[in-house]
Amino acid sequence: MSRPAAATDSPPAENSSIAIEPGHRLRGEVVVPGDKSISHRSLLFGAIAEGTTTIHGMLAAADPCSTAACLQAMGVTISPLGARDQPVVVEGVGLDGLQEPGDVLNCGNSGTTMRLLLGLLAGCKGRYFVLTGDASLRQRPMGRVSRPLCQAMGARIHGRANGTLAPLGVSGCQLQGGVIGTSVPSAQVKSALLLAGLTASSSVSVIEPNRSRDHSERMLQAFGADVQVSGDYGRHVQLKPGRILRGRTVHVPGDISSAAFWLVGAAVTPGSRLRLPHVGLNPTRTGLLEVLRTMGARLQVENRKHVTGEPVANLLVEHGPLGPFSIGPDLVPRLVDEIPVLAVAALFAEGTSRIHGARELRVKETDRLAVMTRQLRTMGAVVEETADGLVIEGPQTLRGAQLDSETDHRVAMSLALAALNAHGPSHIHGADAAGVSYPGFWQQLRQLQAAGG
Ligand code: S3P
């Protein structure tokens, strides 16, 4: 693989293109960066806590940097995110301490930043905020957060398309509690409502159709909030206001959604064997491991332990024969970000893999069902796109091609693995998108290939 952009951890130039030569094994150890969801939350909860929060293993990628920049614009002191091996230190301003910013808050590409901030800022009485983002984020549905905040809790949020598309204006006010049923399982929606509940006049209960990732519940409890989880499979979450959050030390585990590229990469690339230490294995995130096991992938989990209330372990994965998988709506929330890379896995498995109940993918950073279908077809793949999923019969022979991330970080990295196993070289345009969640991805890929020979 040759890399025209600078071969450092700094983000490649805008619209950078990466050349990928197939035929290399992936060998060695790869330390994946910190979990993106936990990184956002540790910054946000640290900011509204009393006292200092020290974050080890923070993901220094574009998305958490957006959260940090928004918080800094509201008067929170945060040490630099990218300082190698240095923890990030957040000086909390307390639940009512965020200042009215002098400019719009730019959430960049980050849905988590915008949705969680909407919930948090809605209750900041007497202050006005405007939230915006890049072209992708300004098209993403915010009504799923602004509507329940306004209709059930009395928030004042205004914007385009009846307050459902950014830029959004938030006039902070006294919120009321309530019992809110959500129509899609979404940790971003749930977390926004829980954050709004911190300053509401009574408790807020969120009831999801399926349980989404529970990092907010775990971390809010660890910071001292009164959060109760109940109902079948923990679909009911209640937060009672009135507690003071206290700053603490957070250890961020490796992101299983970033590990996913290597797990699938090694499983489908002949001769590969990888070890991934210290990956977060929160049970609301481990759907990918279950699917890989169903496929017969050679996967081992070692040295399980808990770090700051989150399970972590080392993962070992090797290439081997793979069978097909089937993913339905119950499983989707537990692997929602891994579906693009699983589409690649399906191409190299023997049999027909099916994904359904995954309509949510159409409103991620891009319409991931459409973009993955379009890009994989460029390589000669046969992919059937349905209204809410994909059907892929494998194994297939792919040809190297001119590919495009279409600005989506997870698409860029998923296509890299398809390209590694194609016939002939490929170019991935817009490869810089990977920096949204995984700034060192291209460099690590090159190192693993070099180790594999
Ligand atoms: C996230 C939740 C998921 C996920 C996103 C991060 C979070 O989105 O896709 O990458 O940190 O809460 P939804 O909760 O909207 O499904």
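I began by writing down that a salt bridge is a side-chain nitrogen of Lys or Arg within 4 Å of a carboxyl oxygen of Asp or Glu. I noted that the model is a predicted one, in which local features need pLDDT of at least 70 and side-chain atom pairs count only at pLDDT 80 or more, while totals for chains, interfaces and linings use all residues. I also noted that residues are numbered from 1 along each chain as its sequence is written, and that side-chain values use heavy atoms, with hydrogens and water left out.

**Entry on salt bridges**

I searched the whole structure and found 22 salt bridges. I looked up Arg410 and saw that its salt bridge with Asp337 has its closest N and O atoms 3.7 Å apart. Arg410 sits in helix 12 and Asp337 in the loop between strand 18 and helix 10, so that the pair links distant parts of the chain, 73 residues apart. For these elements I used DSSP runs numbered from the N terminus, where helices (H or I) have at least four residues and strands (E) at least two.

Are Arg410 and Asp337 buried or exposed? Arg410 counts as buried because its relative accessibility is 2%, and Asp337 counts as buried because its value is 12%. Here buried means under 20% relative accessible area, exposed means over 50%, and partly exposed lies in between (1.4 Å probe, protein chains only).

I then found that salt bridges with shared partners join Arg140, Arg213, Asp337, Glu365, Arg368, Asp408 and Arg410 into one network. Asp337 also meets Arg368 in a salt bridge of 3.9 Å, N to O. Arg368 lies in helix 11 (residues 368–378) and Asp337 in the loop already named, so this pair ties together parts that are 31 residues apart in sequence. Arg368 is buried, as is Asp337.

I checked another pair, Asp214 and Arg211, whose closest N and O atoms are 3.4 Å apart in a salt bridge. Asp214 is buried because it has 4% relative accessibility, whereas Arg211, with a relative accessible area of 24%, is partly exposed.

**Entry on the two domains**

I looked up the domain assignment (bounds from an automatic or database assignment), which gives domain 1 as 17–34 + 253–452 and domain 2 as 36–251. Their contact, meaning heavy atoms within 4.5 Å, takes 29 residues from domain 1 and 29 residues from domain 2.

Domain 1 and domain 2 bury about 2,300 Å² between them, with 49% of it on carbon and sulfur atoms; this buried area is the accessible area (1.4 Å probe) that two parts lose on being put together, summed over both. Thr308, Glu365 and Val436 supply 22% of the area that domain 1 buries against domain 2, which is more than any other three residues.

How many salt bridges does the rule find across the interface of domain 1 and domain 2? I counted three. Separately, I recorded that the side chains of Arg144 and Glu360 meet in a salt bridge of 2.8 Å, N to O.

**Entry on Glu217**

I found Glu217 in helix 7 (residues 215–222), where it counts as buried because its relative accessibility is 2%. Leaving aside neighbours within four places in sequence, Glu217 is in contact with Lys190, Leu194, Val227, Val229 and Val237.
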